[in-house]
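Please keep the coordinates open while reading.

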Amino acid sequence: MEVSNDTGYFHKYARQFRLALGVREFEQFASLGTDLERFRFVNERKWRAVNDLPLERTHNVGKCLESALKLQADGLQLQNGDDWVGALRAYNQSYLLLPNDYPHEKALLLDKRSQVLLQLGKHDQSLEDIDRAIGYGYPLEFLHDLWERKARLYQQKRDLKSAVECFDKTVECLAHSQLNEADRSVRIEELRKLTDIVYFQYKNVKKYLEPPRGTRVFHPHLDDAVRYDSNETDGRYATAQKNLKPNQHILKEKPHGATLVQEYSGTHCSTCFERVEILFCCPNCVDVVFCSGRCEKTANQSYHRYECGFLRSLWSSGATIVSLLALRIVTQKPYSYFEAIRDELPNLTANFTDKLSSDDYRKVFNLVTHSDKRDPEDYLVWTLMAAMLNTILRHGNYTNTEQPDDGFIGYLLLHNLQIVNYSAHDVAELQRKRPNEAGKSVAIGAALYPLLALFNHSCDPGIVRYFSGTTVHVRTIKNIAAGQIIAENYGPLYTKMERTERRRSLAANYKFECNCDACRQDWQLYTHMDESVIRFRCTGPACQGALLFDLTSECYGMQCDDCGELVDIRERIRLLQEANMLSRFNEAAHLYAIGMFEHALSKYAAIMGIIDQILVPPYRDYHLCQQGMRRCCLDLGSCYVECPSSGK
């Protein structure tokens, strides 16, 4: 993949820069031996070309008070008509467009959204909006309404202690209300009686109340059967330490870094990739959205504080997801973090990095870059992109701009670009127009997973990956014997693409020639598989040979070409008939259709366990079973239905 596409301004700038170098300087660049030297060379000369790089930080682009108030009025109208979902949608957009220097308007808007969330049964989110409205300076004379709503929400949540505290605060705020003295006294008396009742309930049930639940801690998972080996030809790769069966959940991993594509930056949380139902946003831009206050805080305290105001320029530059992710890997941590580990990077070993967590940069630093296979012309463009990204960081005060730029962060950006190109994965979401339609797996972003990145490729992969937010899950979809490679797929499957085309694609994009079983034996495409020929497994000891039996044949004794074993095919046919595969397959398909995905997976896995003892791939039924498992797994991950129902 390239670092930019042809439509943006960076492509034109790179051409101008190349022409400005001339022959001698380009030869000088081509002779450089390290990425740090390459970056310093280009960074010193990056202004030589006509400077059309619009890299000034722009804030508040897209924010508009008039539009925000119009949307707020639309939301109120929908709210009065009991269209709670429509009202929430309008309030979300109003909140996104409302400039940060209008706290009064923000407080009123969040109050309205809190009321809608209460109607939708989203109590925790309603409470969060109330707290934000108070924080923005909600009018003092109406503040008692918010505290009373808080109290009643806590009462519904059975958090009686908090309910009592909020009722007390309501009484306190009534002193500033616009009620006359008589009405205020009546209201205070009612609230005190209610508070006494709730407090009595609290004292009576206190010892039975569950402690409040904290934030759920993510626990990564790597099956103990997975081992990482290495050799000079294949680099590091995953192998099975013991036999793996289909449908084993062997990996669950958070990414080291992840970023959305532009198309989904307004619908998905920039931090966790969940679909945004209740919108939170950056106070200074409309380029990203968040699903919660927690994700908003994470972003604004780390990566977004440096990217804010530059994203539109990056998108218009034509920078691809490769460049955006290479930048995010840096911006998510402070400069001091990288400076502290700077001297360690050249001497990292696998024994050391394997013990690190996925969020440690040292864990990903030694992933493949294939820098020795990169053409100098190509290398120049990639280095120039690193220089542009580094300029953004300098403008965004990521590093100390008062000190001279020694090129360290630029070198890391160039290194990251190459790591991301070969080791990152698309993060996908299953999308449907309507509930019963076939879904389509759509890439909404990209992420770098340190453990998954070490799985090598096969055109007949043994695993399937799916995503919940940014978390990747990996399950087996075939029997994998102890000692065998656990292979994933980098794009082309043998069932859909001819070997010549697959190898050409893999060589161009990943710099290797594939020698998986499907390539070495040149397996047929799915559409070319002959249903009249069955590939029976040889019964010879430790033999993996295939016996190709034509259903029109009357000769049931076959000799294996690999081991010479004589096999009675009638016995093999009898075992297939007893297995009743068609009925089992239909049952699995039915379980999938009614949404019982885990049960369907178990059925598909059982079928594969049986037929794998009798048949040898490639054959149509085996592929169909694997496809059934893939569909189930995708439905267990992030899914989106555009038109779930016709109701409100």
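This is a predicted model: local features need pLDDT of at least 70, side-chain atom pairs count only at pLDDT 80 or more; totals for chains, interfaces and linings use all residues.

## Overall chain

Residues are numbered from 1 along each chain as its sequence is written, and side-chain values use heavy atoms, with hydrogens and water left out.

The protein chain contains 24 helices and 16 strands, where helices (H or I, at least four residues) and strands (E, at least two) are DSSP runs numbered from the N terminus. Its C-alpha trace spans about 105 × 75 × 45 Å along the principal axes. Of its 648 residues, 50% count as buried, a term that means under 20% relative accessible area, with exposed over 50% and partly exposed in between (1.4 Å probe, protein chains only). Among contacts with a separation of 6 or more, 67% join residues 24 or more positions apart, contact meaning heavy atoms within 4.5 Å.

## Helices α5 and α6

Two packed helices are described by the angle between their axes and the distance between the axes. Helix α5 (residues 103-119) and helix α6 (residues 123-135) have axes that come within 8 Å and cross at roughly 165°; the axes are lines fitted to C-alpha atoms, for helices over the stretch in contact, and angles run from 0 to 180 degrees between N-to-C directions. The angle makes α5 roughly antiparallel to α6, given that angles over 145 degrees count as roughly antiparallel, under 35 as roughly parallel, 65 to 115 as roughly perpendicular and the rest as oblique.

The residues that α5 brings to the contact include Leu110, Arg113 and Leu117, and those from α6 include Ser126, Asp129 and Ile130. By class, the contact of α5 with α6 divides into six nonpolar, four polar and four charged residues (nonpolar: Ala, Val, Leu, Ile, Met, Phe, Trp, Tyr, Cys and Pro; charged: Asp, Glu, Lys and Arg; polar: the others, Gly among them).

## Helices α22 and α23

Helix α22 (residues 581-593) packs against helix α23 (residues 597-614) at an angle of about 160°, their axes being 7 Å apart, and the two are therefore roughly antiparallel to each other. Residues of α22 including Phe585, Ala588 and Tyr592 meet residues of α23 including Tyr604, Ile607 and Ile611. The contact of α22 with α23 has 12 nonpolar, one polar and three charged residues.

Ser4, in the segment before α1 (9-30), counts as buried at 10% relative accessibility. Not counting residues up to four places away in sequence, Ser4 touches Phe10, His11, Gly318, Ala319, Thr320 and Met385.

Lys333 is placed in the loop between α13 (321-331) and α14 (335-341) and counts as buried because its relative accessibility is 15%. Leaving aside neighbours within four places in sequence, Lys333 is in contact with His256, Phe338, Asp359 and Tyr398.
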